[in-house]
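Here is a short note to read beside the model. Keep the sequence and the 3D view open as you go through the points.

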Amino acid sequence: MDAMRPSFEDELGASVEFFVHRLAVWGGYAYAAVRPQRPGGRPIDWRRTKYAEAFASGAFEADMSLALLRRSRGRWEVVDFVIGPTDAHWISWQTEYGIPEAVFEMP
């Protein structure tokens, strides 16, 4: 989660922590399905972020964000991430990186 935090904080403009829905590792990749939240578990006020318009229109999934990480030189690095997707964004990761679909399936 610490490897992801800077990317999410840059995007959301403040400190975040994560509620983890799924964390899976396959080979040198890790997939995280998370809900970003403010420290202490406080919800993010999406109306005060750059996602305000998408949130207001219902084109935003506030409870879900996704990240793909790769292990490189002993450290996890973010390859890509998406906040609030309303589609199966991971399909492009499956195709591009050859990661099996089972890695992305929610329990």
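1. From the N terminus on, the elements run α-β-β-α-β-β-α. That comes to 3 helices and 4 strands. Helices (H or I, at least four residues) and strands (E, at least two) are DSSP runs, numbered from the N terminus.

2. A word on the source. This is a predicted model, where local features need pLDDT of at least 70, side-chain atom pairs count only at pLDDT 80 or more, and totals for chains, interfaces and linings use all residues. Residues are numbered from 1 along each chain as its sequence is written, and side-chain values use heavy atoms, with hydrogens and water left out.

3. Now the overall size. Along its principal axes, the C-alpha trace spans about 40 × 25 × 20 Å.

4. Burial comes next. Of the 107 residues, 36% are buried. Buried means under 20% relative accessible area, exposed over 50%, and partly exposed in between (1.4 Å probe, protein chains only).

5. Look at contacts, meaning heavy atoms within 4.5 Å. Take those with a separation of 6 or more: residues 24 or more positions apart account for 51% of them.

6. Find S65 in strand β3, residues 65-72. S65 counts as buried because its relative accessible area is 1%. Beyond residues up to four places away in sequence, S65 touches F8, A32, A33, V34, P36, V82, I83, G84 and P85. The side chain of S65 also reaches the backbone nitrogen of G84 at 3.4 Å.

7. Is R73 buried or exposed? R73 counts as exposed because its relative accessibility is 77%. R73 lies in the loop between β3 and β4 (75-83). Check its backbone too: phi of R73 is near 50°, a positive value in a residue other than glycine.

8. R38 is another loop arginine, between β2 (29-37) and α2 (52-57). R38 counts as buried, because its relative accessibility is 14%. Which residues does R38 contact, leaving aside its neighbours within four places in sequence? They are L12, A14, S15, V16, E17, P43 and I44. E17 is 21 residues from R38 along the chain, yet their C-alpha atoms are separated by 5.9 Å.

Note on methods
A polar contact is a pair of N or O atoms within 3.5 Å; within protein, one must be able to donate a hydrogen and the other to accept it, and residues adjacent in sequence count only if both atoms are side-chain atoms.
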